[in-house]
Amino acid sequence: MASEKVYRASTTAPVNIAVVKYWGKRDTKLNLPTNSSLSVTLSQADLRTLTTASCSASYPEGDSLLLNGEPSDVSGARPQACFRELRARRAALEAADPSLPKLSTMPLRIVSENNFPTAAGLASSAAGFAAFVRAIANLYELPASPSELSLIARQGSGSACRSLFGGYVAWRMGEAADGSDSMADQVAEASHWPEMRALILVASAAKKGVSSTSGMQQTVATSSLFKERITSVVPKNMEIMEKAIAERDFAAFAEVTMRDSNSFHATCADTYPPIFYMNDVSRAAIRAVEAINAAAGRSVAAYTFDAGPNAVIYYLEQDTEAVVGNLYSVLSKVDGWKASAVEGLKANASFDESVVGLLKNGVSRVIMTSVGEGPVATQEYLVAEDGTPVKSSS
Ligand code: DP6
């Protein structure tokens, strides 16, 4: 029966890790940031969310989301804002062309899975909301560009707006009060600088203590250092970073990446009461990167930390030995190394004994990945043709 038809569309979406951080909202309802930010999209071969959006007149009333096999609440303001915006755009298409099926009136069933363990301790909200918005936009056949969709994903989670693109991506803070110019754009394709690699040292798989959403609001409200960051530090970092990417200048990329992470965590320490995302293991990772750069005689590695203790270390493929060789020599026992990438690598940096001890005891796994592409539509469905949720085969 036509009324029981299940409409569906699937997409994957990537994780992104910022090198100039988003931290602070000027409008919490519209999720508008106090500063622009810039990130590297990571390869979906290693980290991705797969999401199927489906709708049918036969579904029970109300939209639903199944996340990694568990029902997830979609009544919150953020998913509701995404549903509302996407439905409105579909309804406009249906109004213009009455022959289109009235998908905008049907309940949505969204099923989503990450290919990385939740225990990896990685923020999945960016990939999650990007996939959520992209999948529904595909289902509704919206003629919207990734930048337009980034306006919607931003309202799900700020950092998600950058996961609608591959490569090197900026989120322009914008000026309009209604948020219409606060969106993401691609600074460079992944193929512009394909040698970019990321080694993630997972220092804790625990759920973060203070969420980014609440942490950044506390910083905005109480830190005086934060004002300096948004008015002077970040605008300068954005400018140098865009130039560094355009010129494939890793030394400049590395310095801004490390300085911006330090600046962001300094504003956290200046929040009252202070917020600490980095721990002793994170600081040992910083010392290790410094020792690696000292041994190489130039910047071959750059660390950055989000709202948690995990270190993300950017480096170029040609410097794999200088970077990975040294970290592998200390952490060869932990899971996650790609045999083909670490085979035969030698170590030359001298790490402090305390640094070695902290890393050995505190790093539970590593993830080796690289710059990658944006969301990709796929024929792999997490909702069967009859509307039943199914598990991913990968
Ligand atoms: C430290 O995007 O998680 O990772 O907009 O409240 O959902 P909400 O915050 P979220 O914050 C990410 C903060 C960060 C820096 C970054 O990704 O730019």
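What follows is a set of questions and answers on this model.

Q: What kind of model is this, and how are residues numbered?
A: It's a predicted model, where local features need pLDDT of at least 70, side-chain atom pairs count only at pLDDT 80 or more, and totals for chains, interfaces and linings use all residues. Residues are numbered from 1 along each chain as its sequence is written.

Q: Why is Asn-31 called buried?
A: A residue is buried if 20 or more other C-beta atoms (placed from the backbone) lie within 10 Å of its own, exposed if 12 or fewer, and partly exposed in between. Asn-31 has 22 other C-beta atoms within 10 Å, so it counts as buried. You'll find Asn-31 in the loop between strand E3 (25–27) and strand E4 (32–33); helices (H or I, at least four residues) and strands (E, at least two) are DSSP runs, numbered from the N terminus.

Q: What makes Glu-141 partly exposed?
A: Glu-141 has 13 C-beta neighbours inside 10 Å, which puts it in the partly exposed class. Glu-141 sits in the loop between helix H2 (125–139) and helix H3 (146–156).

Q: What makes the bond between Tyr-272 and Pro-273 stand out?
A: Most peptide bonds are trans. Tyr-272 and Pro-273 are joined by a cis peptide bond, with omega about -5°. Pro-273 is in the loop between helix H6 (250–269) and H7.

Q: How do you know that the span of H7 is close to the expected one?
A: The expected span is 1.5 Å times one less than the number of residues. Helix H7 (residues 280–296) has 17 residues, and it reaches 24 Å from first C-alpha to last, close to the 24 Å expected. Just past H7, Gly-297 takes a positive phi of about 75°.

Q: Which residues of H7 are buried, and what covers them?
A: The buried ones are Val-281, Ser-282, Ala-284, Ala-285, Ala-288, Val-289, Ile-292 and Asn-293. Their cover includes strand E13 (301–304), strand E14 (311–316) and helix H8 (320–331).

Q: What does Val-133 touch?
A: Leaving out residues up to four places away in sequence, Val-133 touches Cys-82, Leu-86, Leu-149, Ile-152, Ala-153 and Gly-156. Contact here is C-beta atoms, placed from the backbone, within 7 Å.

Q: What makes a residue count as near the ligand, and which come nearest?
A: Its C-beta atom, placed from the backbone, has to lie within 6 Å of the molecule. Of the 15 residues around the ligand, Ala-18, Tyr-22, Ser-157, Gly-158 and Ser-159 come nearest. The shell takes at least three residues from each of domain 1 and domain 2.

Note on methods
Two residues are in contact if their C-beta atoms, placed from the backbone, lie within 7 Å. Domain bounds come from an automatic or database domain assignment.
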